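Reader: I have a structure to look through and a few questions about it. Can you put it up?

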Amino acid sequence: MESGPLTYVIGDIHGCADLLDALLERIADHAADRGRRLVFLGDYIDRGPDSAAVLRTVSRLNWAEPEHVICLMGNHERMLLDALQTPQAAEHWLYNGGEATLASFGAREAGDLPRDTLDWLEGLPTLHGDDARWYVHAGFRPGAAIPDPDDHNRLWIREPFLEGDHDFGRHVVHGHTPQRNGRPEIRRFRTNLDTAAVYGGALTAGVFSAAQGPALHFLQVRAPA
């Protein structure tokens, strides 16, 4: 087993707080005394049963260890923030699972959510990188500058990012497109960690070393059948 801290990258959570707690316990056991870094790929909220609890857990980890816990923005966090601006954006967010988030906070509309929570979401980056990998919620546009500077692509893109194999200079670790079979999608130049937790799949953490781009292996938790 490789020495030194490992990086654990967690895919789309979507309000599945119980799965997140279970996965963090698995990570703590796996990391043992060697140290660990966490990267969350966004989409903490919407559709699932307890977005409020997920945000509390993830934001507290980030505040306690900002150098070792990286939290990226997902398109669902962007939709929530946009919902503060116009009724049309609010309707779009609610249609895409926002009602479950409001219910978890006991709120009636996006503006009722805690100010510190909204401020934290607003400050989330759309990209993180290390020597071996790019971490992003959705992906990059092939042919764009590396890494793609367009936040919309980073948060929303599917095609043409998902088709073919595109070399972006480092291995790309992303979520956003749920794998309904509950298994990570492993490609030559990218790994998709959205394993459809909120649709009955699994919540997945990819385990990465400092020395190579692709994952060493994966940790997964599933809801009881």
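Author: A definition to begin with: helices (H or I, at least four residues) and strands (E, at least two) are DSSP runs, numbered from the N terminus. This is a predicted model, where local features need pLDDT of at least 70, side-chain atom pairs count only at pLDDT 80 or more, and totals for chains, interfaces and linings use all residues. Residues are numbered from 1 along each chain as its sequence is written, and side-chain values use heavy atoms, with hydrogens and water left out.

Reader: Fine. D151 and R154 both lie in which helix?

Author: Both are in helix α6 (residues 151-156), 3 residues apart, which is about one turn of the helix. D151 forms a salt bridge with R154, with the closest N and O atoms 3.7 Å apart. A salt bridge here is a side-chain nitrogen of Lys or Arg within 4 Å of a carboxyl oxygen of Asp or Glu.

Reader: Is R154 buried or exposed?

Author: R154 counts as buried because its relative accessibility is 12%. D151 is partly exposed at 39%. The cut-offs are under 20% relative accessible area for buried, over 50% for exposed, and partly exposed in between (1.4 Å probe, protein chains only).

Reader: How many salt bridges by this rule?

Author: The count is 8. In helix α3 (residues 75-83), D82 and R78 sit 4 residues apart, and their salt bridge has its closest N and O atoms at 3.1 Å. D82 is partly exposed at 31%, and R78 is partly exposed at 23%.

Reader: Which residues are linked in a network?

Author: D165, E185, R187 and R190 are linked by salt bridges. Between R187 and E185 the closest N and O atoms are 3.5 Å apart. E185 is buried at 19%, while R187 is partly exposed at 27%.

Reader: Switching to the sheet. What is the strand order?

Author: The 5 strands run β3-β2-β1-β9-β10 in an open sheet with mixed pairing. Two strands pair if DSSP finds at least two bridges between them. The edge strands are β3 (69-71) and β10 (217-221), each pairing on one side only.

Reader: How many bridges join β2 to β3?

Author: There are 3, and β2 (residues 36-40) runs parallel to β3. V39 stands opposite I70 in β3.

Reader: And which strands does helix α2 touch?

Author: Helix α2 (residues 51-64) packs on the sheet and touches β2 and β3, contact meaning heavy atoms within 4.5 Å. The direction of α2 makes about 130° with that of β3. Axes are lines fitted to C-alpha atoms, for helices over the stretch in contact, and angles run from 0 to 180 degrees between N-to-C directions.
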